[in-house]
Amino acid sequence: MATARFGVLFIILAVALAEDAKVKHKTPTKPVRLFTEEELQRYDGSEEGQPIYMAVKGVVFDVTKGKEFYGKDAPYNALVGKDSTRAVAKMSLNPADLTSDTTGLTEEQLKSLDSIFEGTYKAKYPIVGYTASRILNEDGSPNKDFKPEDQPHFKIKDEF
């Protein structure tokens, strides 16, 4: 009977230690960063071997694994290297729509934007940062409406 209790105790201890080891050896996540418009333009898919980034709703995604869609001479290359929120909402590649400005979008377009943002970009591509315009006002002062804890994949130790 004592041997059985010792065996059960040993198994419980082994499982607890294994769980602890998993926590200690968790793969670290790469911290996100703040991108200015100029910095984001560097990741437009024009240079081989360079990551390809695009922003939607001020969130910068690494879309490199979708290179056949976003890489140089690919069908959606116009969307990368910038915040293309309006273009995504309107499903447009018109140069006038390649902006973060959502002024004048219809309710249907805004719903489409949210759906694509959640179902495509957040679901498929890693977040690598935020656009400066999402966090800062035009004069460089902090945007008081920006709340990091409300952002996708926010982890205080990784992001701030």
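**Close-up views of a predicted model**

View 1. Tyr53 sits opposite Asp62, a residue of strand 3. Everything shown here and in the other views comes from a predicted model. Strand 2 and strand 3 (residues 59–62) run antiparallel and pair over four bridges. What about the two faces of strand 2: are they covered or open? Both are covered, with Tyr53 and Ala55 buried on one side and Met54 and Val56 buried on the other.

View 2. Is Gly58 buried or exposed? Its relative accessible area is 4%, so Gly58 counts as buried. Leaving aside residues up to four places away in sequence, Gly58 touches Asp83, Thr85, Gly129, Tyr130, Thr131 and Arg134. Take Asp83 from that list: it is 25 residues from Gly58 in sequence, yet the two C-alpha atoms are 6.5 Å apart in space.

**View 3. A salt bridge between Glu48 and Lys67.** This view moves to a pair of charged side chains. Side chains of opposite charge can pair when their charged atoms come close. Glu48 and Lys67 form a salt bridge, and their closest N and O atoms are 2.7 Å apart. Glu48 lies in the loop between helix 2 (37–41) and strand 2 (53–56), while Lys67 lies in helix 3, so the pair ties together parts that are 19 residues apart in sequence. Glu48 is exposed, at 68% relative accessibility. Lys67, with a relative accessible area of 40%, is partly exposed.

View 4. The side chains of Arg86 and Asp97 meet in a salt bridge, at 3.6 Å from N to O. How many residues apart are Arg86 and Asp97? Arg86 is in helix 4 and Asp97 in the loop between helix 4 and helix 5 (107–124), eleven residues apart, and the pair links distant parts of the chain. Arg86 counts as buried, at 14% relative accessibility. Asp97 is buried too, with a relative accessible area of 7%. Lys90 joins in as well: Arg86, Lys90 and Asp97 are linked in a network of salt bridges.

View 5. Another salt bridge joins Glu118 and Lys122, whose closest N and O atoms are 3.1 Å apart. Where do Glu118 and Lys122 lie? Both are in helix 5, four residues apart, about one turn of the helix. Glu118 is partly exposed, at 43% relative accessibility. Lys122 also counts as partly exposed, at 24%.

**View 6. A nonpolar patch on the surface.** Which residues form this nonpolar patch? They are Phe69, Tyr76 and Leu93, and together they have about 270 Å² of accessible area. Tyr76 is found in the loop between helix 3 (67–70) and helix 4 (85–90). With 37% relative accessibility, Tyr76 counts as partly exposed.

**View 7. The whole chain, for orientation.** Of its 160 residues, 33% count as buried. The chain exposes about 10,700 Å², with carbon and sulfur atoms supplying 57% of that area. Among contacts between residues at least 6 apart in sequence, 55% join residues at least 24 apart. The structure holds six salt bridges, including the one between Glu48 and Lys67.

Note on methods: Residues are numbered from 1 along each chain as its sequence is written. This is a predicted model: local features need pLDDT of at least 70, side-chain atom pairs count only at pLDDT 80 or more; totals for chains, interfaces and linings use all residues. Side-chain values use heavy atoms; hydrogens and water are left out. Buried means under 20% relative accessible area, exposed over 50%, partly exposed in between (1.4 Å probe, protein chains only). Contact means heavy atoms within 4.5 Å. Accessible areas come from the Shrake-Rupley method with a 1.4 Å probe; for residues, only the protein chains shown count as cover. Patches are made of residues with over 30% relative accessible area and no salt bridge: like charges are joined within 9 Å, nonpolar side chains (Val, Leu, Ile, Met, Phe, Trp, Tyr) within 5 Å. A salt bridge is a side-chain nitrogen of Lys or Arg within 4 Å of a carboxyl oxygen of Asp or Glu. Two strands pair if DSSP finds at least two bridges between them.
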